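Dear colleague,

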Amino acid sequence: MININLASLKKGDSHHEYEWVMPDIDNNTKENINIISVFDIHNKNDTDYEFNGYITFNLIRICDRCNESYSSSFKEDVRFLIKKNSDIEDIDIIHTNSNIVSLTSYIRDIIITAIPMKSLCSDDCKGQCPLCGINLNREKCACINKED
Ligand SMILES: [Zn+2]
Ligand SMILES: [Zn+2]
């Protein structure tokens, strides 16, 4: 779970780096996702907390074409505002009445949005031979030659 403790943020500007672990978010990978986040935080009067920064993480994906797993790295800009005891609605405002704020669903949405619909180990992945199943990125098979 990803939590921020507002009581740990001093007034004014500060710089924070967090390491978070997100439980698996889809069925393409069974692993937890390790996230490094870097934020400049502006704490206005202990009621408004502006977060401005980015998160980075790696995902192990299975290529849609060749079925091999590969690692894909992401860096996503993240900005949001944590507001205490307020009812202004906005997509990037996170409301709270306490000092412990859960960012789990907010960050999960960012990760899900960042993942491309198609998983490809590389843009020019040659895929698998439909006949013998060999990975054509690594070797050639006889099946192709027979079709010539
Ligand atoms: Zn591939
Ligand atoms: Zn083949």
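How many bridges join β5 to strand β6, and do the two run parallel or antiparallel? Four bridges join them, and β5 and β6 (residues 93–96) run parallel; two strands are taken to pair if DSSP finds at least two bridges between them, and strands (E, at least two residues) and helices (H or I, at least four) are DSSP runs numbered from the N terminus. Within this pairing, isoleucine 82 has isoleucine 94 of β6 as its bridge partner, while lysine 83 is bridged to histidine 95.

Before going further, please note that this is a predicted model, in which local features need pLDDT of at least 70 and side-chain atom pairs count only at pLDDT 80 or more, whereas totals for chains, interfaces and linings use all residues. Residues are numbered from 1 along each chain as its sequence is written, and chains are lettered from A and ligands numbered from 1 in the order in which they are written.

The sheet as a whole is open and mixed, with five strands in the order β2-β3-β4-β5-β6. Because β2 (12–22) and β6 each have a single partner strand, they stand at the edges, and one side of each is left without a neighbour in the sheet. From one strand to the next the twist averages 25 degrees, with angles running from 0 to 180 degrees between N-to-C directions and axes being lines fitted to C-alpha atoms, for helices over the stretch in contact. Helix α1 (residues 104–114) packs on this sheet and touches β2, β3, β4, β5 and β6, its direction making about 140 degrees with that of β5.

Strands β3 (residues 33–44) and β4 (residues 48–62) pair in the antiparallel sense over ten bridges, and histidine 42 stands opposite glutamate 50 of β4. Their hairpin has three residues between the strands, and there asparagine 45 takes a positive phi near 60 degrees. β4 also pairs in the antiparallel sense with β5 (residues 69–84), over 15 bridges, and aspartate 48 has lysine 83 as its bridge partner in β5.

How values were computed
Two residues are in contact if their C-beta atoms, placed from the backbone, lie within 7 Å.
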